[in-house]
Amino acid sequence: MATEDIVRDIVTRITRKDTSQFTSTATFKDFEADSLDIVQILVALEDEFDIEILDEELQNITNMGGFVAYIDGKITEKG
Amino acid sequence: MLEGKVALVTGGSRGIGRAIALELADEGADIIINYLRHRSAAQKTAEEIREKGRRVHTIRANVGEPEKIKAMFNEIASIFGHLDILVNNAASGVARSAMELDERGWDWTMDINARAFLLCAQHAVKLMEGRGGKMVAISSLGSRLAWPVYTGVGVSKAALEALTRYLAIELAPYNIAVNAIAAAAVQTEALDIYKPAEMLTETWQTTPAGRMVQPEDVAKLVAFLCRDESFMIRGQTIIIDGGFSIAPLIT
């Protein structure tokens, strides 16, 4: 499964939103994600990919496209 | 003073947990650092402990999940074979008032802050069998004061303190001492979520001791509760706040 598919599944499962809402330009705000949603999404992704997501590195990410690219980068970094 | 002891510090990568891990290592204990999200910080703390000449091991586990707790203790059993000290420090929560707090936020907070201590204690007892041990839970003054948007955490800490009393009685025959520490606002990154800068200024201004509680203050008290000289202290929640809670109107 591609990274984008896994991120989409996790984000939509935790925010309880329709997967069709997940586009590269969508934001966490579009999913009405609260702080707990976001923490749970990050934990789930760290579990799934065995990576560490640094909160400070997320500050400049504006949409799901950027978020998926960031996760991909972390997977590559891990090797 | 804690030479040869093996200690688990949940949430031990940063802040108060990190200070506790380092303090117990300074006193001679080998350390297991549990963490959830901050792997780099956990590794950095582990490296500092290794440099002190102690054994150290890191375990990633969300203590809000019973299966993850079980796996963590299986790992501890296979690597260390036993446990002498459990420091229940990991905490989380959502910054919400009572009217805004939903079921998910409540469950998340209670599972990590209160239920985890029960489950960790149940597993830890098996690893302390025949040798005794110490358990210390890190609470907060929010268990008895009502701070804005601290509802979930405050209630979970009240449960933690009550659980401390029950465990202290139930585990005394096994030579296991259980106590809790309730700190005032401690100067860590986690505080940023709950208290804006002006409130922090107010906190230290109204603290008779003249400064805020530092992680190292809490860590030294944990170390004391882990030593045999604290043998007769059981089921207590010891407040460490520089006098803040008894002199709230001093400015």
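Colleague: How much do chain A and chain B bury between them?

Modeller: About 1300 Å², with 38% of it on carbon and sulfur atoms. Buried area here is the accessible area (1.4 Å probe) that two parts lose on being put together, summed over both. On the chain A side, A:L36, A:V43 and A:E52 lose the most area to chain B, together 40% of what that side buries. Bear in mind that this is a predicted model: local features need pLDDT of at least 70, side-chain atom pairs count only at pLDDT 80 or more, and totals for chains, interfaces and linings use all residues. Side-chain values use heavy atoms, with hydrogens and water left out, residues are numbered from 1 along each chain as its sequence is written, and chains are lettered from A and ligands numbered from 1 in the order written.

Colleague: And how many residues does each chain put into the contact?

Modeller: Chain A puts in 16 residues and chain B 12, contact meaning heavy atoms within 4.5 Å.

Colleague: How many salt bridges between the two?

Modeller: The count is 9, taking a side-chain nitrogen of Lys or Arg within 4 Å of a carboxyl oxygen of Asp or Glu. One of them joins B:R60 to A:E46, with the closest N and O atoms 3.3 Å apart. Helix α2 of chain A, residues 35–49, gives the most to the side touching chain B, with 8 residues. Helices (H or I, at least four residues) and strands (E, at least two) are DSSP runs, numbered from the N terminus.

Colleague: Switching to chain B: which strands does β4(B) pair with?

Modeller: Strand β4(B) pairs in the parallel sense with β1(B), residues 6–9, over 3 bridges, and also in the parallel sense with β5(B), residues 133–140, over 4 bridges. Pairing takes at least two DSSP bridges between the strands. B:L86 has a partner on either strand: B:L8 and B:M135.

Colleague: Are the faces of β4(B) covered or open?

Modeller: Both are covered: B:I85 and B:V87 on one side, B:L86 and B:N88 on the other, all buried. Buried means under 20% relative accessible area, exposed over 50%, partly exposed in between (1.4 Å probe, protein chains only).

Colleague: Last one, B:T237. Why does B:T237 count as buried?

Modeller: Because its relative accessibility is 17%. B:T237 lies in strand β7(B), residues 237–240. Leaving aside neighbours within four places in sequence, B:T237 is in contact with B:R144, B:E161, B:A180, B:I181 and B:A182.
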